[in-house]
Amino acid sequence: MNTQKQEPIKPIKYILSLALILGMAFHAQAQEAEKESGDIIISSSTVCQMCKNTIEKDLAYAKGVKSARVDIDDNTIHVRYNPGKITAAEIKHRINELGYVADDQKPSREQYDRLHHCCRAPGVIEGEEGSEEHFPKE
Ligand SMILES: [Cu+2]
């Protein structure tokens, strides 16, 4: 006859295992957060300080974008973003909407025409020479 009773879980044991479970959950969450950071470098058609300001300002308001920096000298846009909230394609689309090239995606004629004349780089739209005068680079 089995008279052995199951021992009740002692509170200290319970607390310890709870702490262990919580610890693992936090660890997993921390790893997840790390995964949620993407970095892309997009080649563009920026020509001046005004381009830099336009793009940086617009991306700063985009949901999911953590930081955006335009390097006019090598014509690149450096973006750190949360892939759970915005995709690289959406970021590029946004840059096109401002009138700029984003890697192999070009803006439409309409989008390009909305640019201030000094921000029009040559060759973006076929047959379009762009502007020769650009805002000075600071
Ligand atoms: Cu410009």
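Analyst: Helices are DSSP runs of H or I with at least four residues, strands are DSSP runs of E with at least two, and both are numbered from the N terminus. The model is predicted, and local features need pLDDT of at least 70, side-chain atom pairs count only at pLDDT 80 or more, while totals for chains, interfaces and linings use all residues. Residues are numbered from 1 along each chain as its sequence is written.

User: What pattern does the chain follow along the sequence?

Analyst: Let's start with the parts: the chain has four helices and three strands. Read along the sequence, they give the pattern α-β-α-β-β-α-α.

User: Which strand does strand 1 run antiparallel to, joined by six bridges?

Analyst: Two strands pair if DSSP finds at least two bridges between them. Glycine 38 stands opposite tyrosine 81 in strand 3. Six bridges join strand 1, in the antiparallel sense, to strand 3.

User: How many residues lie between strand 2 and strand 3 in their hairpin?

Analyst: These two strands pair in the antiparallel sense over six bridges, and arginine 69 stands opposite histidine 78 in strand 3. In the hairpin that they form, the number of residues between them is four.

User: What arc do the buried residues of helix 3 cover around the axis?

Analyst: Those buried residues are Ile91, Lys92 and Ile95. They sit on the same side of helix 3 because the arc they cover, taken from the directions from the helix axis to the C-beta atoms, is only 95°.

User: Why does asparagine 75 count as partly exposed?

Analyst: Asparagine 75 lies in the loop between strand 2 and strand 3. Its phi is near 60°, a positive value in a residue other than glycine. Most residues other than glycine have a negative phi. Asparagine 75 counts as partly exposed because its number of C-beta neighbours inside 10 Å is 17.

User: What is the phi of aspartate 103?

Analyst: Aspartate 103 is found in the loop between helix 3 and helix 4. With 14 C-beta neighbours inside 10 Å, aspartate 103 counts as partly exposed. Aspartate 103 is a residue other than glycine with a positive phi, near 55°.

Key. A residue is buried if 20 or more other C-beta atoms lie within 10 Å of its own, exposed if 12 or fewer, and partly exposed in between; C-beta atoms are placed from the backbone.
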